[in-house]
Amino acid sequence: MLQKSIKQYLEYLKLSGIQDIYFSGQKTPSQKKKKVVMETDHAELLSALEEKYRNCNKCSLWKGRNKFCYGNGDPQAKLMLIGEGPGADEDRTGKVFVGRAGQLLTKMLQAINLSRDEVYIANIVKCRPPDNRNPLPEEKQACLPYLKEQISIIQPKILLLLGRVAAVTLLETDLPLKAFRETEYEFMGIRTFVTYHPSALLRNPGWKKFAWIDLQNVQREYQSL
Ligand code: SF4
């Protein structure tokens with residue numbers, strides 16, 4: 001109710017020609033400008049790198065590629081999600097997590113009050129492995145520098161690894177997913193959590209209750225930032 005009245009009041013001010021309102025403790029226009037400039041820098045850098053790597057042929061996955069899937073989301077996201085690799089829908093569109101698994105991921109984020117635009121999502125490999133097989137060690141190693149570069153630019157505060165492939169690759173430990181979920185890790189100095197890949201949840205809906213526990217944990221950490 002209160003939110004609705006505030007929204008209506010803001011709409012009224014906007015219609016009255018008032019574009020900016022500053023509360024005490026709020027960022028000044030010059031601080032805001034600086035933030036916008038920084039956001040642009042991050043976005044421009046990521047988009048320049050995406051362009052640079054678009055025709056990469058460092059591993060054999062380029063041969064079956066329709067679209068290179070670099071990553072999507074807020075270039076300054078506090079939470080970055082990392083999956084395994086593009087599937088058929090991603091390969092067709094060039095966007096990450098847009099198929100059924102992507103739709104489930106969107107719902108999972110909504111459940112912890114986050115939209116896709118507030119996070120950044122990328123994969124271990126940027127080109128689709130044939131028949132959705134797991135990426136091979138040499139493919140992961142060839143592609144990993146691109147992901148590390150993305151992480152360095154975005155500088156998230158929390159990483160959430162989706163599935164065992166992402167966890168085994170980045171944490172360099174071979175554990176069952178259940179064991180990965182029980183521990184908090186650090187990757188590139190960033191607090192790192194592991195949960196199920198949404199594709200695994202589509203195949204095993206009974207695991208959603210465990211993923212929900214992981215998401216709530218991440219939400220707590222996110223809210224405390
Ligand atoms: S998966 Fe990565 S390393 Fe392999 S061709 Fe695609 S962009 Fe290059």
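Two strands count as paired here if DSSP finds at least two bridges between them, and helices (H or I, at least four residues) and strands (E, at least two) are DSSP runs numbered from the N terminus. This is a predicted model, where local features need pLDDT of at least 70, side-chain atom pairs count only at pLDDT 80 or more, and totals for chains, interfaces and linings use all residues. Residues are numbered from 1 along each chain as its sequence is written.

**View A. The open sheet.** Six strands line up as E1-E3-E2-E4-E6-E5, with mixed pairing. E1 (72-73) and E5 (185-187) sit at the edges with a single partner strand each, so one side of each has no neighbour in the sheet.

**View B. E2 beside E3.** E2 (residues 79-83) and E3 (residues 120-123) run parallel over four bridges. Look for Leu81, which stands opposite Ile121 in E3.

**View C. Around the ligand.** The ligand has 13 residues around it, and the closest are Cys56, Cys59, Trp62, Cys127 and Cys143 (near means a C-beta atom, placed from the backbone, within 6 Å).

**View D. Ile153 on H5.** Ile153 belongs to helix H5. It has 16 C-beta neighbours inside 10 Å, so it counts as partly exposed (20 or more would be buried, 12 or fewer exposed, with C-beta atoms placed from the backbone). Leaving aside neighbours within four places in sequence, Ile153 is in contact with His42, Leu45 and Leu46 (contact means C-beta atoms, placed from the backbone, within 7 Å). Ile153 and Leu45 are 108 residues apart in sequence, yet 7.9 Å apart in space, C-alpha to C-alpha.

Note on methods
Contact = placed C-beta atoms within 7 Å.
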